[in-house]
Amino acid sequence: MCGEPGQTLSRTVQAIWDDMPGPRTMTWLREAASAAEIDATLDRAAQRLADIQEQWPDALVRNG
């Protein structure tokens with residue numbers, strides 16, 4: 001997600017997030033993020049997606 005969504009878009013983002021299969025991670029960037037910030041944020045997102053210890057609890061909660 002880049003920028004700050006309004007109330008309506010926030011509900012849409014949440015609905016998409018709820019329906020998204022794992023592994024998943026949510027990343028937020030401010031609208032004026034620099035190229036370096038974007039690069040670092042996407043690198044962290046990739047690391048989080050590959051982190052089984054972070055992904056497993058999310059999978060357990062969602063799948064009972």
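Modeller: Happy to. Let's begin with Thr41, which sits in helix H2; helices here are DSSP runs of H or I with at least four residues, strands are runs of E with at least two, and both are numbered from the N terminus. This is a predicted model, in which local features need pLDDT of at least 70 and side-chain atom pairs count only at pLDDT 80 or more, while totals for chains, interfaces and linings use all residues. Residues are numbered from 1 along each chain as its sequence is written, and side-chain values use heavy atoms, with hydrogens and water left out.

Thr41 counts as buried because its relative accessibility is 9%; buried means under 20% relative accessible area, exposed over 50%, and partly exposed in between, with a 1.4 Å probe and protein chains only. The side chain of Thr41 also reaches the backbone oxygen of Glu37, at 2.7 Å. Such a polar contact is a pair of N or O atoms within 3.5 Å; within protein, one must be able to donate a hydrogen and the other to accept it, and residues adjacent in sequence count only if both atoms are side-chain atoms. Leaving aside residues up to four places away in sequence, Thr41 touches Thr27, Trp28 and Leu29, where contact means heavy atoms within 4.5 Å.

How far can you trust this region? For the protein, the mean is 88, and 95% of residues reach 70 or more.

Moving along to H3, a side-chain oxygen of Asp51 comes to within 3.0 Å of the backbone nitrogen of Gln53 at the start of this helix. Trp56 lies in H3 and is exposed, because its relative accessible area is 54%. Its C-alpha atom is 30 Å from that of Thr8, 48 residues apart along the chain.

Stepping back, the protein has three helices and zero strands. Of its 64 residues, 19% count as buried, and residues 24 or more positions apart account for 51% of the contacts with a separation of 6 or more.

Terms used:
pLDDT is the predictor's confidence in each residue, from 0 to 100.
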